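I opened my notebook to look up a handful of residues one by one.

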Amino acid sequence: MRNFKISWQQAPITVSLIILMVVIFIGEVIISGQMAVSTPALYQLGAMFKPAVVYMGQWWRVITAGFLHVTLMHLVLNMITLYYVGRLLEQYFGSVRYLIGYIAAVGLGSLNSLAFGSANAISAGASGGIFGLFGMIFLMGLLDKQGFWLAQAKTLGLFVILSLIPVIGGSNIAISAHIGGLAGGFLLAPLLLKKSQASNKQVIVAALALIVYIGILLTVGLSIR
């Protein structure tokens, strides 16, 4: 209980996100009637499905998909990663900026999935948002003058490579949301930093690049039928 209070005081948004996703997963299991969440349940609860977004205008799936998980192991691995990486960034950015950045990364991961993912696949998971946090750390590693974020970026770089090996090896894990979140987090980071931490030029370049990136994802995603 004491550890929970400390974690809550340090990073209330990260802890709240984890609790929320655990509760949602319990609901998924109840609806599915099994620990491996069924495809109908995922669709019903808001998983990413390109035809539903493009033809039915269900754009909310771009965000809700990032709060659903397919299996217990899928949930556990993502929540462990979110706990350690999220706390670090929330304490640095502040809770409000961190939450905005995380939700934006979830959305960008889903948009990348819309543009470059399988047209008929139903996908879900917090990986887009989590990889967005990785992208933020990579950017701060490049800007770092003291070495802390550079060290974190190097460690995460190895983790990202290892996590993508199953995808390259032919696993059924969707890589599009991971890449979209990673790129999105990299571009979002300068916009989340305080004025003293990023120059006006860096902020303007990041904002323009982000607009172009979103434009490309929407153009490609909506042009594929």
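**Entry: the model**
I noted at the start that this is a predicted model.

**Entry: aromatic pairs**
I asked how many aromatic pairs the structure holds. The structure holds six aromatic pairs. I looked at Tyr43 and Phe49, which form an edge-to-face pair. Their ring centres are 5.9 Å apart, with 80° between the planes.

Next I looked up Tyr92 and Phe93, another aromatic pair that is edge-to-face. I read 5.8 Å centre to centre and 65° between the planes. The pair counts as edge-to-face because 65° is over the cut-off of 60 degrees. I then asked which residues the ring pairs link into a cluster. Tyr92, Phe93, Phe148 and Trp149 are linked in this way.

**Entry: Tyr92**
I found Tyr92 in helix H6. Is Tyr92 buried or partly exposed? Tyr92 is partly exposed, at 29% relative accessible area.

I listed the contacts of Tyr92, leaving aside neighbours within four places in sequence. They are Met140, Trp149, Leu193 and Gln197. Trp149 is also a member of the ring cluster. With Gln197 there is a polar contact, side chain to side chain, at 3.2 Å. I also checked Tyr92 against Lys194: they are 102 residues apart in sequence, and their C-alpha atoms are 9.9 Å apart in space.

**Entry: Leu17**
I moved on to helix H2, residues 12-32, where Leu17 is found. Leu17 is buried, because its 7% relative accessibility is under 20%. What does Leu17 contact, leaving aside neighbours within four places in sequence? I recorded Phe67, Leu82, Tyr98 and Tyr102. Gly86 is 69 residues away from Leu17 along the chain, and 9.8 Å separates the two C-alpha atoms.

**Entry: Leu42**
I placed Leu42 in helix H3, residues 39-45. Leu42 is buried, with a relative accessible area of 4%. Beyond neighbours within four places in sequence, its contacts are Glu28, Val37, Ala47, Leu68, His69, Val70, Ile122 and Ala124. I also took the C-alpha distance from Leu42 to Ile204, which is 38 Å. These two are 162 residues apart in sequence.

**Entry: Gly125**
Where does Gly125 sit? I found Gly125 in the loop between strand E2 (122-123) and helix H8 (127-143). Gly125 counts as buried, because its relative accessible area of 15% is under the 20% cut-off. I listed what Gly125 touches, not counting residues up to four places away in sequence: Ala65, Gly66, Leu68, His69, His74 and Asn78. Leu68 and His69 are in the contact list of Leu42 as well. Between Gly125 and Val54 the C-alpha separation is 20 Å, at 71 residues apart along the chain.

**Entry: surface patch**
Last, I asked which residues form a nonpolar patch on the surface. The patch consists of Met35, Leu72, Met73, Val76, Leu77, Ile80 and Tyr84. Together they have about 690 Å² of accessible area. I located one of them, Leu77, in helix H6, residues 72-93. Helix H6 is also where I had found Tyr92.

Conventions: Residues numbered from 1 in each chain as written. Predicted model: local features only at pLDDT ≥ 70, side-chain atom pairs only at ≥ 80, totals over all residues. Heavy atoms only, no water. Patch = residues over 30% accessible without salt bridge, like charges linked within 9 Å, V, L, I, M, F, W, Y side chains within 5 Å. Areas by Shrake-Rupley, 256 points an atom, 1.4 Å probe, with all protein chains shown as cover. Salt bridge = Lys/Arg side-chain N within 4 Å of Asp/Glu carboxyl O. Helix = DSSP H or I, 4+ residues; strand = E, 2+ residues; numbered from the N terminus. Buried < 20%, exposed > 50% of the residue type's maximum accessible area, 1.4 Å probe, protein only. Contact = heavy atoms within 4.5 Å. Polar contact = N/O pair within 3.5 Å; in protein donor to acceptor, adjacent residues only side chain to side chain. Phe/Tyr/Trp six-rings, centres within 6.5 Å; stacked < 30°, edge-to-face > 60°.
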